[in-house]
Amino acid sequence: MAKHIIFGNTAQLNRLGTWDWTFYVRPADFVEEVVVTLHPTFANPVRNLQGPKLELQCSGWGTFELKVDICWRGGGRLQTTWKLMFDPDQSDFNNEIEVPAEAAESARPALLAQLAAAPAVDPGGDPRGRAWHGRLVRQELPRPRATWESRRRPREDNTARLTCLSG
């Protein structure tokens, strides 16, 4: 199954009558770096975004086209553009991009290492809802909309517990 990222911008009209906007690429799992080239009237118009939060926050009065270079983990690069969008009735604008297979596969070892380093927990004994596939995660997870227990035991030492995230 193909993996995807989204890129785009949020924008909100501020009290000065200009726009506070954020350009973003999410999630950062498959991306090594994003190089964003702003309008030449900006000080330091070339900005490098790295790390878990690939975002650039700025303020301005008008829209323009950003040049965007997405450098994938495992090699490769996508050169594209993004036209900033401002609308008082809508705050988020984005497009979806398919992640190249090489970049998607290069993120797998890092994810497996993170899961292996996380402590094992019993999801049924996790009142804060931070367990994911029997591992403790560092981020908040949504509570399931429905849960149920099976009457059949898969093993003698454990009851089956299923979680439904849809419906």
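**Reading the model**

Q: In which order do the 4 strands of the open sheet stand?
A: In general, the strands of a sheet pair through backbone hydrogen bonds, either parallel or antiparallel. Here the 4 strands of an open sheet follow the order β5-β2-β1-β8, with antiparallel pairing. Strands are DSSP runs of E with at least two residues, helices are runs of H or I with at least four, and both are numbered from the N terminus. Two strands count as paired if DSSP finds at least two bridges between them.

Q: Which are the edge strands?
A: They are β5 (54–60) and β8 (92–98), each of which pairs on one side only. Strand β1 (residues 4–13) is joined to β8 by 7 bridges, and the two run antiparallel. Threonine 10 stands opposite aspartate 92 in β8.

Q: What kind of model is this, and how are residues numbered?
A: This is a predicted model, in which local features need pLDDT of at least 70, side-chain atom pairs count only at pLDDT 80 or more, and totals for chains, interfaces and linings use all residues. Residues are numbered from 1 along each chain as its sequence is written, and side-chain values use heavy atoms, with hydrogens and water left out.

Q: How many helices and strands does the protein chain have?
A: The protein chain has 1 helix and 12 strands. From the N terminus on, the elements run β-β-β-β-β-β-β-β-α-β-β-β-β.

Q: Is threonine 22 buried or exposed?
A: Buried means under 20% relative accessible area, exposed means over 50%, and partly exposed lies in between (1.4 Å probe, protein chains only). Threonine 22 has 12% relative accessibility, so it counts as buried. Threonine 22 lies in strand β2 (residues 19–26). Leaving out residues up to four places away in sequence, threonine 22 touches Gly8, Asn9, Thr10, Glu55, Leu56 and Gln57; a contact means heavy atoms within 4.5 Å. Of the 167 residues in the protein chain, 31% are buried.

Q: How many disulfides does the structure hold?
A: A disulfide is a pair of cysteine sulfur atoms within 2.5 Å. The structure holds 0 disulfides. Cysteine 58 is buried at 12% relative accessible area, and cysteine 71 is buried at 16%.

Q: How many salt bridges are there?
A: A salt bridge is a side-chain nitrogen of Lys or Arg within 4 Å of a carboxyl oxygen of Asp or Glu. The count comes to 4 salt bridges. One of them joins the side chains of glutamate 55 and arginine 26 (2.9 Å, N to O). That pair links distant parts of the chain, with glutamate 55 in strand β5 and arginine 26 in strand β2, 29 residues apart. Lysine 53 also forms a salt bridge with glutamate 55, with the closest N and O atoms 4.0 Å apart. Lysine 53 is exposed, with a relative accessible area of 57%. Salt bridges that share partners join Arg26, Lys53 and Glu55 into one network.

Q: Which residues does the cis peptide bond join?
A: Most residues other than glycine have a negative phi, and most peptide bonds are trans. A cis peptide bond joins arginine 26 and proline 27, with omega about -15°. Proline 27 sits in the loop between β2 and β3 (31–37).

Q: What is the phi of asparagine 44?
A: Asparagine 44 has a positive phi of about 50°, although it is not a glycine. Asparagine 44 is in the loop between β3 and β4 (46–49) and is exposed, with a relative accessible area of 62%.
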